[in-house]
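Me: I have not looked at this one before. Can you walk me through a few parts of it?
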Amino acid sequence: MADGVDRYVLSPAATWSRDGDELRVFSDEVLLVRRCPEAMFQWLAAVADEPAGLPAPSGSRVDAIVRALRQLRLVVAPFDRSWHSSAWRNQVEYFAALGLDAGAAQDRLRAAHVTVLGVGGIGGAVLAEIVGAGVGGLTLVDGDRVALENLNRQYLYRRCDVGRPKVDVAGEWVRERLPEAEPTAVMETITTSEALVPYLREDGFLVVAADRPASLPELCAQACLERGASMITGGCGLRVGSSGPLIRPADVPAFIASRQEAKATAGAAATPMAASFGPVNTLVGATMGRDLIFGILGVSVPTTSHRVELLGTALT
């Protein structure tokens, strides 16, 4: 803080209650303190109503409670509340509850540039998430037009849009949701890395949500390597989907090598299945959107697998 004293506010994700001398603070986890000092109750009551935060009270017993509250992120540093009159009020509070510099995180999203390659079922779901999060720079690349059979899963489009270029309709949707954004619409089917490079930004991000040609992930990786961009891929099968991980430029060569090794082992890539079901596209796309947003913010999302279970049990 400016005065050199650490100040705290109650996390936007936390609530607390009192039962006699017992304190309970609730979020994803619950902290129960028996024989809680009166000073702690008074401090929490004051902190809940003070946006600038308050220094922690002193005392050996209180110090231990405050340390526990901090470790569980039940109290956090004061955060930028100038976003409270914006569409991102709740998101900024979410970032603050995670322990991030919430205002800076939202600024970073606004300044980011994402190229979405393929604005169909998965790409449209990713686009919805990142636009909702406030990502300000967007390039939409897709060579297809809206077709009637798209409408079971591609929720950016309406029946009246059938026959129109997807990127044009998606661009209109973006401007309606995020007026300050200036999306670039590119009606083109990408088949080479050279064709993709102009649509990427240095230090930008690429969403690979198209499924043709079979070599698309590799050529996208090559383009990202040339431009210094990060990329995330995803796809749907019948029972299992895939999402990510987010691949940074330094990891692109290893990704290309792994793809080549997989093809050598399994043979040519299979043609994507024609069958589709809207919720599975949305589930994969939302997972990609989450990982991409956290990637833009530099937040690590530990996972043991990037398989997305679409149908956990066999049909009977």
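This is a predicted model: local features need pLDDT of at least 70, side-chain atom pairs count only at pLDDT 80 or more; totals for chains, interfaces and linings use all residues.

Me: Which way does strand β6 run against β9, and over how many bridges?
Reply: β6, residues 113-117, pairs with β9 in the parallel sense, over 4 bridges.

Me: What is the bridge partner of L117 in β9?
Reply: V208 is the bridge partner of L117.

Me: And how many bridges join β9 to β10?
Reply: There are 4 bridges between β9 and β10, and the two strands run parallel. β10 covers residues 230-236. One of its residues, S230, is the bridge partner of F205.

Me: What does the chain pass through on the way from β9 to β10?
Reply: Helix α8, residues 216-227. The β-α-β crossover made this way is right-handed.

Me: Different topic. How many disulfides are there in the whole structure?
Reply: A search of the whole structure gives 0. C220 is in no disulfide, and its nearest cysteine sulfur, that of C224, is 6.7 Å away. For C224, also in no disulfide, the nearest cysteine sulfur is that of C220.

Me: Is C220 buried or exposed? And C224?
Reply: C220 is buried, with a relative accessible area of 0%. C224 is buried too, at 0%.

Methods: Residues are numbered from 1 along each chain as its sequence is written. Side-chain values use heavy atoms; hydrogens and water are left out. A disulfide is a pair of cysteine sulfur atoms within 2.5 Å. Buried means under 20% relative accessible area, exposed over 50%, partly exposed in between (1.4 Å probe, protein chains only). Two strands pair if DSSP finds at least two bridges between them. A crossover is right-handed if, with the strands pointing away from the viewer, the path from the first strand over the helix to the second runs clockwise.
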